[in-house]
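Here are my notes for your first look at this entry. Keep the structure open as you read, and find each residue as it comes up.

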2 protein chains.
Amino acid sequence: MNQSTADELRAVIDPALLRACVELLDPERVIADPEGLREFRDPYSHAEWDTHAPGAVVSPRTVEEVQAILRLAARFDTPVWTISQGRNNGYGGPAPRVPGSLVINLRQMNRILEIDEELAYAVVEPGVRFFDLFEEIRRRGLKLWPSIPDLGWGSIIGNAMDHGVGFTPLGDHPARSCGLEVVLADGTVVRTGMGAMTGNPAWPLRKHSFGPSHDGIFMQSNFGIATKMGCWLVPQPEYYVSAELTVPREQDIAALVDVVRPLLLDGTIPNTPIAYNVTLIAGAFSGVPREHWHTGEGALDDAALSRMAEETGAGAWLMRFALFGPEEVVREQLDICRAAFAAIEGSRLTHREWAGDEVVPRLYDDQRPAPAEGPSGAVDRLRQQSDTTQAGIPSLDLLDNLSWDEGGVGGHLDYSPVTELDGRRVLEQTQWLRGLFAEEGLDYAASLMLSPRACINIVSLWFNTADEAQTRRAYDFNATLIRKGAERGYGVYRTHLDHMDLVADTYDFNDHALARFNRVIKDALDPQGILSPGRAGIWGSKWADR
Amino acid sequence: MNQSTADELRAVIDPALLRACVELLDPERVIADPEGLREFRDPYSHAEWDTHAPGAVVSPRTVEEVQAILRLAARFDTPVWTISQGRNNGYGGPAPRVPGSLVINLRQMNRILEIDEELAYAVVEPGVRFFDLFEEIRRRGLKLWPSIPDLGWGSIIGNAMDHGVGFTPLGDHPARSCGLEVVLADGTVVRTGMGAMTGNPAWPLRKHSFGPSHDGIFMQSNFGIATKMGCWLVPQPEYYVSAELTVPREQDIAALVDVVRPLLLDGTIPNTPIAYNVTLIAGAFSGVPREHWHTGEGALDDAALSRMAEETGAGAWLMRFALFGPEEVVREQLDICRAAFAAIEGSRLTHREWAGDEVVPRLYDDQRPAPAEGPSGAVDRLRQQSDTTQAGIPSLDLLDNLSWDEGGVGGHLDYSPVTELDGRRVLEQTQWLRGLFAEEGLDYAASLMLSPRACINIVSLWFNTADEAQTRRAYDFNATLIRKGAERGYGVYRTHLDHMDLVADTYDFNDHALARFNRVIKDALDPQGILSPGRAGIWGSKWADR
């Protein structure tokens with residue numbers, strides 16, 4: 001189904017459905033007024049667009065209420081859209097794919113059902129944020145670190161469901177989830193893995209039960225609503241090092257990738273490093289407007305990039321990473337990293353280190369000194385972000401930095417192509433992207449998330465959401481990137497609501513066999529097409545036939 | 001469907017189907033004579049049982065031939081059963097669930113399609129054995145170790161599909177697989193993950209594409225036939241330590257588990273240790289018949305167990321594990337292990353160490369000295385097995401040891417309950433099992449596979465397959481264990497063909513919601529019920545209605 005068809009299909013919430021929802025929930029858990037709904041729009045959309053405007057928002061507190069809402073939606077043939085916290089801004093935030101959908105907001109299902117210090121896991125509901133889990137662990141005085149992304153407001157479940165990445169040794173968030181409770185479109189409650197046996201204590205401990213393992217198919221899909229999840233935690237390490245490596249030249253990213261890869265493959269570096277280019281660092285962390293660097297037409301030029309590198313001290317690329325473990329092991333690993341990095345001419349390694357017990361008191365409770373104002377404080381600001389995130393201490397500090405152009409609300413769309421973790425290929429991609437961005441007169445800000453064999457390049461398109469033409473252009477350019485990238489073999493790992501069909505379409509092997517497979521599953525589980533139609537480009541036959 | 005119904009449903013292969021298969025393949029790739037079919041029976045079944053006798057065996061060499069066979073099976077309404085190598089003896093080996101099935105034997109689809117040293121992965125077909133991959137890596141002189149189980153004859157794909165475990169740092173075999181090509185019941189070829197984009201080089205590198213991740217649902221299921229898989233490999237470590245810890249008393253398993261758990265959680269021990277009880281070690285490695293230890297009625301008594309511990313030097317439990325990495329890191333980790341284990345009174349740590357380059361020349365090419373004959377050589381025999389397996393060097397040595405009672409072919413069934421990796425709980429389970437076995441007059445031989453949060457106890461029931469009553473009793477007792485274990489919250493991770501329905505039935509949450517979910521998926525993908533009906537207890541409505 002294309003977007004214009006979706007627009008025509010916009011549901012208007014039946015007043016009888018709303019009345020039934022109010023009857024089921026308290027009135028304050030049913031939002032249908034424009035003011036209340038504003039919070040559930042795409043925050044980075046232009047104010048006058050309503051392509052993804054919600055019809056109403058309901059906030060269940062229990063699994064039974066979720067089931068009841070699904071029954072109502074089916075009765076009134078109204079599509080629902082589920083969000084946990086809905087904080088994946090840059091990809092649409094809490095907004096539904098189909099305008100006018102009944103949004104099931106799970107923020108009030110926010111119980112932490114279990115935290116076990118010995119076995120290092122928690123069981124959470126979808127409304128539990130990284131903040132909440134962190135605070136509860138502190139409150140109980142447990143020596144556990146949650147693995148978190150750079151912003152702490154998101155849902156632990158929602159983030160894992162969308163293939164999120166964190167920066168402790170358990171940074172592969174789909175992989176560190178273990179066991180789901182899911183409500184299917186027909187209201188059936190299913191528990192996956194060992195949870196499929198009533199009361200089995202290994203539910204959050206072992207991913208596979210007997211027979212197929214289902215967790216993966218509930219991620220980035222619309223096959224069910226996750227209402228509980230096991231979440232593995234990192235035992236507080238004896239020692240923690242937060243470090244960064246800078247390299248002076250743009251093309252040094254090739255050497256950096258090739259030097260880091262063996263260290264990731266053998267676990268010397270156990271977390272997911274991010275390599276930022278200087279445009280990202282200067283843009284997100286230096287606290288000065290773009291005019292500080294560049295005032296003419298077009299993208300930042302080489303002179304501006306050089307000045308950025310010089311004034312921030314970030315080099316052309318800065319890679320953050322961390323080490324965790326017994327002190328003697330961590331010291332050896334740091335030495336190994338230092339020796340490996342020395343092969344890159346002009347590279348610089350900096351680091352901070354703490355005993356595990358000191359980390360929260362020093363980085364969270366103590367006020368850390370504010371970095372210098374302006375570009376010379378950019379790297380220190382990034383360091384403060386890295387030190388806390390990589391230790392599982394959540395914050396919202398990064399939000400302060402996202403406005404780049406002066407005036408208006410700074411928005412962004414993210415293009416996130418995957419490539420092999422091979423220096424030549426990563427450099428090739430970065431040069432190709434920088435060229436394309438320059439042609440468009442746009443700045444190329446990149447964050448490369450490095451796993452042992454693959455690299456996800458998070459490329460942010462920044463725009464002023466008050467400027468409709470600029471916003472439109474960013475959306476269009478993102479679509480162009482998706483298309484052109486696919487021609488070069490780059491698959492995208494996440495995308496904005498508007499581009500889900502397009503991205504799904506780039507996964508085209510054997511006449512889109514996987515998309516056809518998804519439709520078969522969708523039709524079998526949700527023949528009425530009630531549950532989050534269009535998520536990840538999966539619609540089901542019901543919508544194709546309309 | 002229960003077993004007696006399955007018996008009645010036994011397919012007789014239609015001669016016209018056989019002729020069509022011969023036309024499709026060479027005649028020597030279609031086996032239908034009793035002699036030829038013998039190889040595809042359950043090797044540990046009683047000779048006169050034909051509950052799982054194959055009807056015919058066909059051996060495709062290409063994906064197109066697999067598709068054509070599925071079309072024929074559908075035309076003749078004959079169930080197929082797929083095997084890769086079919087070596088999961090103890091669980092049924094190559095034998096089909098429904099007697100008379102057309103077995104699709106994938107041993108001749110045995111190409112290694114790719115090995116990449118830099119990114120440390122291979123892409124293989126289902127006929128590729130651990131032996132084959134190991135030999136090809138050696139032939140090319142690559143510094144890579146495959147992760148393997150203790151017997152090297154199995155299929156890399158088949159093992160991963162059945163939730164196999166290995167003993168390098170990539171020992172979670174479902175987790176170290178990345179990207180599948182699958183033929184669905186209707187013949188559609190699907191590629192999962194990044195392979196869903198035509199020609200995407202990240203197929204074997206990143207598990208998730210855009211949208212749901214499907215690999216898990218093709219494991220231990222009958223939703224498709226895996227014809228290609230990406231398989232991550234371990235870069236040859238600079239240094240390798242193979243070690244074992246013994247503890248003197250049966251109840252020391254509790255302390256052992258609690259001491260090892262933090263070392264697994266923080267990655268100090270990066271592989272999957274196995275803790276064997278002395279009955280397993282004396283039975284499998286001492287090369288003397290059971291009479292050496294015990295001649296009276298009933299299970300081995302305490303005196304026999306004490307003598308076993310004394311004569312083998314294995315203590316009550318022996319845990320093997322390994323360390324891999326830069327030499328200085330490994331030395332620190334070994335010291336940390338030593339210090340931690342010292343808390344267990346009477347424990348002993350032994351180890352061997354090698355530079356990575358020496359491992360294959362020393363352990364595989366050189367003839368290692370034969371251990372002493374009899375019980376005093378048991379631990380050395382186990383050490384030789386551990387040294388090679390944990391370094392990815394395949395062998396069949398373990399097969400030599402499986403006959404326990406004198407006379408007849410030694411067979412075994414494995415009961416494999418999962419529990420939390422908590423000392424008290426593991427001890428509780430082991431005492432419960434030893435008691436149940438003793439009541440039955442059977443020996444309790446246990447191998448505990450320890451992952452950071454869960455323990456799989458592989459309990460082997462040994463019997464003489466020539467003795468029908470003894471064999472029957474083992475089958476019946478396995479069923480009893482499955483039932484009684486489930487009452488205590490133990491889920492089983494793998495089981496014999498005969499017990500698949502029973503085990504599936506123990507996963508009973510919400511009136512068997514997950515089984516009902518599986519049936520919906522099965523019906524959607526394979527409405528005719530052609531593909532491996534009954535695998536993992538999944539039949540589909542077609543079979544329920546017959």
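1. Start with E428(A) and R424(A). Their side chains meet in a salt bridge, at 3.1 Å from N to O. Keep in mind that this is a predicted model. Both residues sit in helix α14 of chain A, which covers residues 423-439. They are four residues apart, so about one helical turn separates them.

2. Is R424(A) buried or exposed? R424(A) is exposed, because its relative accessible area of 55% is over the 50% cut-off.

3. Now move to helix α15 of chain A, residues 468-487. Here R472(A) forms a salt bridge with D476(A). The closest N and O atoms are 3.6 Å apart. Again the two residues are four apart in the helix, about one turn. R472(A) is partly exposed at 34% relative accessibility. D476(A) is also partly exposed, at 43%.

4. The next pair is of another kind. D357(A) and K143(A) meet through their side chains in a salt bridge of 2.8 Å, N to O. D357(A) lies in helix α12 (residues 356-365) of chain A, while K143(A) lies in the loop between α5 (130-140) and β7 (144-145). The pair therefore ties together parts that are 214 residues apart in sequence. K143(A) is partly exposed, with a relative accessible area of 44%.

5. The general idea is simple: side chains of opposite charge can pair when their charged atoms come close.

6. Finally, turn to chain B and helix α9, residues 278-285. How many of its eight residues are buried? The count is eight of eight, so the helix is mostly covered. The buried residues include V278(B), L280(B), I281(B) and F285(B). Among the elements of chain B that cover them are helices α10 (302-312) and α13 (378-389). Strands β13 (274-277), β14 (317-325), β18 (445-450) and β19 (454-464) also belong to this cover.

7. Check what comes after α9(B). The helix is followed by G287(B), and the phi of G287(B) is positive, near 70 degrees.

Methods
Residues numbered from 1 in each chain as written. Chains lettered and ligands numbered in written order. Predicted model: local features only at pLDDT ≥ 70, side-chain atom pairs only at ≥ 80, totals over all residues. Heavy atoms only, no water. Salt bridge = Lys/Arg side-chain N within 4 Å of Asp/Glu carboxyl O. Buried < 20%, exposed > 50% of the residue type's maximum accessible area, 1.4 Å probe, protein only. Contact = heavy atoms within 4.5 Å.
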